[in-house]
Amino acid sequence: MSRLAELLADGRDRGVYSGAAWSVGDAAGASDRGWTGTRSWGGKRLDGSELWDLASVTKPVVGLAVMALADAGALRLTDTVGDHLPEYRGGDKAQLTVHQLLAHTSGIPGQVPLYREHPTRAALLEAIRLLPLTAEPGTRVQYSSQGFIVLGLIAEAASGETLDVLVRRLVCDPLGMTGTGFRPDAEAGRRAVATEDCPWRGRVVVGEVHDENAVVLGGVGGHAGLFAPLADMERLGRSLAGGARELLRPDTFARMTAVHTEGLGLRRALAWQGQDPEDSPVGRSLGPDSYGHTGFTGTSVWVDPATGRYAVLLTNRVHPSRAGDGITAVRREFHDRASALARATDQPFCGVD
């Protein structure tokens with residue numbers, strides 16, 4: 001059993017999650033991968049085919065689609081919300097740019113439980129349109145799922161396609177991620193790992209997006225909703241480690257993964273988290289130019305360009321409850337051990353969070 005397998009088995013034994021899957025490696029392939037535990041507490045043992053609710057790891061995948069649209073000339077990062085969404089013209093969000101939405105510097109507040117008072121898609125989108133900005137645009141990083149919901153609407157308007165179709169065409173199909181998508185059908189849903197015993201829904205959630213705002217949106221949002229198996233997340237990790245040449249022009253990818261928020265509190269690339277010097281979710285073992293993203297359900301993907309390595313971690317840490325923060329230490333130790341493995345084997349490594 002590898003040190004990564006030991007760590008993640010111990011996390012299950014301590015009740016942090018019922019199951020976990022992982023992969024670390026480089027553009028050529030994985031150097032350590034596997035899975036441990038069960039799809040739910042008392043449920044079927046993992047076999048590697050499971051679907052995981054990626055939660056906010058959806059954001060950088062949508063970001064890759066947006067950057068591909070920019071490569072194709074369908075939009076520009078300087079375009080404003082009002083350029084693409086007429087209903088926003090004249091309001092406080094009309095002049096926000098695509099760049100600001102990608103970098104979380106738009107000032108749109110995030111993590112607002114709008115679903116509680118706005119139970120339909122139309123009502124929730126209208127509530128987002130009317131949300132007052134809580135920061136001057138461009139002045140500080142303020143993580144915003146609502147901003148990425150708006151970004152998803154812009155992508156749809158610019159492309160003339162629904163977001164699920166767009167992500168499949170521009171990201172999943174080029175990488176061969178055939179098992180990844182929004183709204184798993186009944187057959188795929190039976191392979192999904194359980195998430196929360198949700199008080200709002202009155203049941204354990206399986207095969208349906210965990211994020212409640214995404215539920216109201218119909219399961220498809222710029223902020224959450226994607227499900228994927230481990231094999232597809234490995235394909236994404238290998239592509240990112242190799243410069244995502246299947247998806248973006250080299251200069252576009254370099255711009256996407258560079259930090260755009262120096263001096264604004266947190267290091268953010270475009271749709272990616274940067275490596276913050278303090279309180280990084282992946283600890284301090286990865287290089288200062290590393291980037292990635294975490295998901296509330298216990299998922300992550302992280303890449304270190306200096307070593308050419310990726311790391312993917314998939315768990316259901318919200319099962320059966322979102323209470324508890326045990327995943328924080330597990331995730332940091334996972335990346336420490338993954339980095340040590342890379343050094344020991346003298347192989348390239350990319351991280352996932």
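Reply: Terms first: two strands count as paired when DSSP finds at least two bridges between them. Strands (E, at least two residues) and helices (H or I, at least four) are DSSP runs numbered from the N terminus. The model is predicted, so local features need pLDDT of at least 70 and side-chain atom pairs pLDDT 80 or more, while totals for chains, interfaces and linings use all residues. Numbering starts from 1 along each chain as its sequence is written, and side-chain values use heavy atoms, with hydrogens and water left out.

Me: Fine. How do E8 and E9 run, and how many bridges join them?
Reply: They run antiparallel, with 2 bridges. Gly274 is opposite Tyr291 of E9.

Me: And what about E9 and E10?
Reply: E9 pairs with E10 (residues 299-304) over 5 bridges, in the antiparallel sense. In that pairing Gly292 faces Trp302 of E10. The two strands make a hairpin with 3 residues between them, and Gly298 in the turn has a positive phi of about 110 degrees.

Me: Why is E9 called largely enclosed?
Reply: Because 5 of its 5 residues are buried (under 20% relative accessible area; exposed is over 50%, partly exposed in between; 1.4 Å probe, protein chains only). Tyr291, His293 and Gly295 are buried on one side of E9, and Gly292 and Thr294 on the other. In a regular strand, side chains alternate between the two faces of the sheet.

Me: New topic. How many aromatic pairs are there?
Reply: The whole structure has 3. Rings of Phe, Tyr and Trp (its six-membered ring) pair if their centres lie within 6.5 Å; planes under 30 degrees apart are stacked, over 60 edge-to-face, the rest tilted. Tyr115 and Trp200 are edge-to-face, because their planes are at 65 degrees, with centres 4.8 Å apart.

Me: Where do those two sit?
Reply: Tyr115 is in the loop between H4 (98-103) and H5 (121-130), and Trp200 in the loop between E5 (197-198) and E6 (203-204), 85 residues apart. Tyr115 is buried at 9%, whereas Trp200 is partly exposed at 39%.

Me: What does Trp272 pair with?
Reply: Tyr291, edge-to-face, 5.1 Å between centres and 65 degrees between planes. Trp272 is in the loop between H11 (250-257) and E8 (273-274), 19 residues from Tyr291 in E9.

Me: Which residue lies over the face of Phe296?
Reply: Arg317, 4.4 Å from the ring centre. The test is NZ of Lys or CZ of Arg within 6 Å of the centre and within 35 degrees of the ring normal.
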